[in-house]
Amino acid sequence: MISPQIALHDPIFRAYFWIVLISLAIGGATLGFLRVVLKKDTASMFRTYWSWIFMAGIGLIVVFLGRIPTIVGVTLLAIYAFKEFARASGLYRDWWMTGAVYAGIVTVGISSVISHPRGEEPGTGWYGFFVAVPVFEIALILFIPILRNRARGELQRMSLAIVGFIYIGWMFGHLGFLANASNAYGFICYIIFATALSDVAAFTFGKIFGRHPLRSEISPNKTWEGALGAFAVAMILPWILRFSFPFFGIWQLILTGLIVGIGGQLGDLSISVIKRDIGTKDMAATIPGHGGILDRIDSLIYAAPLFMHMAGYYYPLR
Amino acid sequence: MKKWRYDSSRDLERTPLDRLRQFPREPDILVYGLRSIVALIIRGLLRIYNRFEIIGHENLRTNRSLVIVANHCSHLDTLCLLAALPLRKLHRAFPAAASDYFFQSVPRLWIAAVIVNALPFARQMRVRQSLSLCEQLLISPGTILIIFPEGTRSTTGELREFKSGIGALVAGRDVPVVPCFIDGSFLAWPKGKRLPRPRKLRLIVGAPLNYRACGRDKMEICAIAAELREAVNELRQRNGSN
């Protein structure tokens, strides 16, 4: 079980502490070079950069604090991300539906904290219930219109609530469940760091080499060049950071690369589809230079559950 | 297939801080939940710590829009008046709060917007604009405006003159005006003290008044303000306060 005492002596957590620090320093130095030597206008990039520092600090502290703080942190993030989704999609006006989804997200968090009532040591999470939460949540969401004796427009509300819960609440909740793994530091730190780095890579490669639009109808600013750059970074990274999961073989490393490299991009694009259809640029203006929380965690939402189930298929999480 | 219409909130592009500042606020079930929980805790604390008591509770029992007018010596006044309302009406109850005091620093802003659901009232400039905002709110039924017409907390515990704005708000308008007197709040938490003291608090709710027949000229507006002050003062004398 992860805890502050263990984190202080854990080589993986300590390594990631330095990796994050050094990456931020390199990023800051690069931006400083652009600004001072090349005299580029970097004001907006610096705003994004300060937010990165802030988020990295909070993330490191929360993971350092241990298993339950990590799960609570992920749950709070999921609640806030769903709130942004509900506000953008108009679902927030329906208190019943939003209330049901919030209750579902909290249930996901609880199922990650408690252990199976019969047997199993504490601190493992209740995997069977965690995976089954969507069944109960969808049953609850479908029950709400019947309870209120309403039909008009309910299909839209039910659909939005189910997409919001499954995608933002449950799939993102996998990141919290990873805190139960025996290799929690390696898994959590790697997946967060890798998706963040591949996002930055996509931005950087797109900025420098970007010519051909990736999906012109969905997100006009994303390019094939950026996506390929991010993909390359994501494929190389598991080999560089192999110490995070020393038991991974070649296939697992390749799969990890594919999940982050392709999954991360797809997560980004899938939130763009939602935003494009709603007709908004960002989900919210919560993080300066990034948009909403949902805009920030979009690639993580897609990659974290795939990564967890891939790792869980080959090796027991505990 | 018919196209879905997304009814997005109007403040998507605003930062969280700006969203706290804006008025009227967008509904938010998380904020409502938090507000209700904190309101329950405050009610419990007032009853235990200040032996809070309400007299004339039946005068508040209506589903129409209301204007509550009270004396003001302490931050406890707002909490007492909110504690007299049913929980489900809390999110439609707006205590008018000085925007120069409550809507500047972030902690105060958060308390005013989330816990108290305050209406930012520009008492120094743009008073007229704030009053017309109040008027718009009163149009939808079930709105409860809480106004302290003295304009600020009294430093002596005495009832100060009422500003004429209250008259302008209610003159010629078919809306019940409920005068209230809060007894003991000056002793419990006077201006300038950091924390409240365990003194007895009483809220005396008077019978509703109506000024639908009054004209809107300066004289009558001032007369209404004076009459309301007299009504609050009478509640104080009738209920044998110190």
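Predicted model: local features only at pLDDT ≥ 70, side-chain atom pairs only at ≥ 80, totals over all residues.
**Exercise 1. Two helices of chain A**

Determine how helix 2 of chain A and helix 3 of chain A are oriented to each other, and describe their contact.

Solution. 

Step 1. Two packed helices are described by the angle between their axes and the distance between the axes. For helix 2 and helix 3 of chain A, the axes come within 11 Å and cross at roughly 175°.

Step 2. Angles over 145 degrees count as roughly antiparallel. Helix 2 and helix 3 of chain A are therefore roughly antiparallel to each other.

Step 3. On the side of helix 2 of chain A, the residues in contact include A:Phe13, A:Phe17, A:Leu24 and A:Arg35. Helix 3 of chain A contributes, among them, A:Met45, A:Tyr49, A:Trp52 and A:Phe64.

Step 4. Sorted by class, this contact between helix 2 and helix 3 of chain A has 16 nonpolar, three polar and one charged residues.

Step 5. The loop between these two helices of chain A holds A:Lys39. Although A:Lys39 is not a glycine, its phi is positive, at about 55°.

**Exercise 2. Two helices of chain B**

Determine how helix 2 of chain B and helix 5 of chain B are oriented to each other, and classify the residues of their contact.

Solution. 

Step 1. Helix 2 of chain B covers residues 29-49, and helix 5 of chain B covers residues 106-116. Their axes lie 8 Å apart, at an angle of about 90°.

Step 2. Angles of 65 to 115 degrees count as roughly perpendicular. Helix 2 and helix 5 of chain B are therefore roughly perpendicular to each other.

Step 3. Helix 2 of chain B brings B:Val31, B:Leu34, B:Arg35, B:Val38 and B:Ile42 to the contact, while helix 5 of chain B brings B:Trp110, B:Ala113, B:Val114 and B:Ile115.

Step 4. Of these residues, eight are nonpolar, none is polar and one is charged.

Step 5. The loop between helix 1 (16-21) and helix 2 of chain B contains B:Pro24. The peptide bond from B:Phe23 to B:Pro24 is cis, and its omega is near -5°.

**Exercise 3. The interface of chain A and chain B**

Describe the interface of chain A and chain B by its buried area, its salt bridges and the elements of chain A that take part.

Solution. 

Step 1. In the interface, 24 residues of chain A are in contact with 19 residues of chain B.

Step 2. The two chains bury about 2,000 Å² between them, with 56% of it on carbon and sulfur atoms. A:Arg87, A:Trp95 and A:Gln156 supply 30% of the area that chain A buries against chain B, more than any other three residues.

Step 3. Three salt bridges are found across the interface. The side chains of B:Asp7 and A:Arg93 form a salt bridge, with a distance of 3.3 Å from N to O. Nine residue pairs in polar contact are also found across the interface.

Step 4. On the side of chain A that touches chain B, two or more residues come from each of helix 4 (67-89), helix 5 (95-113), helix 7 (154-177) and helix 10 (250-278). Helix 4 of chain A gives the most, with six residues.

Step 5. By class, this side of chain A has 12 nonpolar, eight polar and four charged residues.

Conventions
Residues numbered from 1 in each chain as written. Chains lettered and ligands numbered in written order. Heavy atoms only, no water. Axes fitted to C-alpha atoms, helices over the stretch in contact; angles between N-to-C directions. Helix = DSSP H or I, 4+ residues; strand = E, 2+ residues; numbered from the N terminus. Parallel < 35°, antiparallel > 145°, perpendicular 65-115°, else oblique. Contact = heavy atoms within 4.5 Å. Nonpolar A, V, L, I, M, F, W, Y, C, P; charged D, E, K, R; others polar. Buried area = accessible area lost by both parts, 1.4 Å probe. Salt bridge = Lys/Arg side-chain N within 4 Å of Asp/Glu carboxyl O. Polar contact = N/O pair within 3.5 Å; in protein donor to acceptor, adjacent residues only side chain to side chain.
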